[in-house]
Amino acid sequence: MKLENIEMLIDGSGEVTIGRTGPVRCAATASDEDQCLAMLVRQPEESLGDLLTRLDRAIADAVEDQIFADEING
């Protein structure tokens with residue numbers, strides 16, 4: 001599994017968090033030093049690998065197209 005965007009973010013000044021977020025049992029979030037790039041909720045049958053792949057794509061969408069995913073706040 002190649003997660004280039006997650007790797008780029010972590011190698012830079014960003015961070016990725018996976019785990020409970022408030023009432024959400026499992027979420028994956030990504031941010032850089034300026035803003036939150038993506039907040040995803042793990043779906044019931046979604047593997048952790050699939051969630052990370054989705055997060056990697058969401059980071060690319062945020063960086064390249066200014067499309068920010070927020071599944072936590074609606």
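The model is predicted: local features need pLDDT of at least 70, side-chain atom pairs count only at pLDDT 80 or more, and totals for chains, interfaces and linings use all residues. Residues are numbered from 1 along each chain as its sequence is written, and side-chain values use heavy atoms, with hydrogens and water left out.

I start with the overall fold. The protein chain has two helices and four strands; these are DSSP runs, H or I of at least four residues for helices and E of at least two for strands, numbered from the N terminus. Along the sequence the pattern reads α-β-β-β-α-β. The radius of gyration is 11 Å, close to the 11 Å that the globule rule gives for 74 residues, so the chain is as compact as a globular protein of that length. That radius is taken over C-alpha atoms, and the rule is 2.2 Å times the number of residues to the power 0.38. The C-alpha trace spans about 30 × 25 × 20 Å along its principal axes. Buried residues make up 38% of the 74, where buried means under 20% relative accessible area, exposed over 50%, and partly exposed in between, with a 1.4 Å probe and protein chains only.

Now the sheet. Four strands form an open sheet in the order S1-S2-S3-S4, with mixed pairing; two strands pair if DSSP finds at least two bridges between them. S1 and S4 are the edge strands, each pairing on one side only. S1 and S2 run antiparallel and are joined by six bridges. They form a hairpin with two residues between them, and Gly-22 in the turn has a positive phi of about 55°. Val-16 stands opposite Ala-30 in S2, and Ala-30 in turn stands opposite Ala-38 in S3. S2 and S3 pair in the antiparallel sense over five bridges, and the hairpin that joins them passes through four residues. S3 and S4 pair in the parallel sense, over two bridges; Met-39 has Asp-70 in S4 as its bridge partner. Five of the six residues of S3 are buried.

Next, the helices. H1 lies across S1, S2 and S3 and runs at about 105° to S1. H2 packs on the sheet, touching S1, S2, S3 and S4, and its direction makes about 150° with that of S3. Axes here are lines fitted to C-alpha atoms, for helices over the stretch in contact, and angles run from 0 to 180 degrees between N-to-C directions. Contact means heavy atoms within 4.5 Å.

H2 covers residues 48-65, has 18 residues, and reaches 25 Å from its first C-alpha to its last, close to the 26 Å expected at 1.5 Å a residue. The expected span is 1.5 Å times one less than the number of residues. Gln-66 follows H2 with a positive phi, near 60°.

Which residues touch the most other members of the largest nonpolar core? They are Ile-6, Leu-55 and Ile-59, of 15 residues in that core. A nonpolar core is a set of buried Ala, Val, Leu, Ile, Met, Phe, Trp, Tyr and Cys residues joined through side-chain atoms within 4.5 Å. H2 gives the most to this core, with six residues. Leu-55 touches Ile-6, Val-16, Ala-28, Thr-29, Ala-30, Ala-38 and Leu-40, not counting residues up to four places away in sequence.
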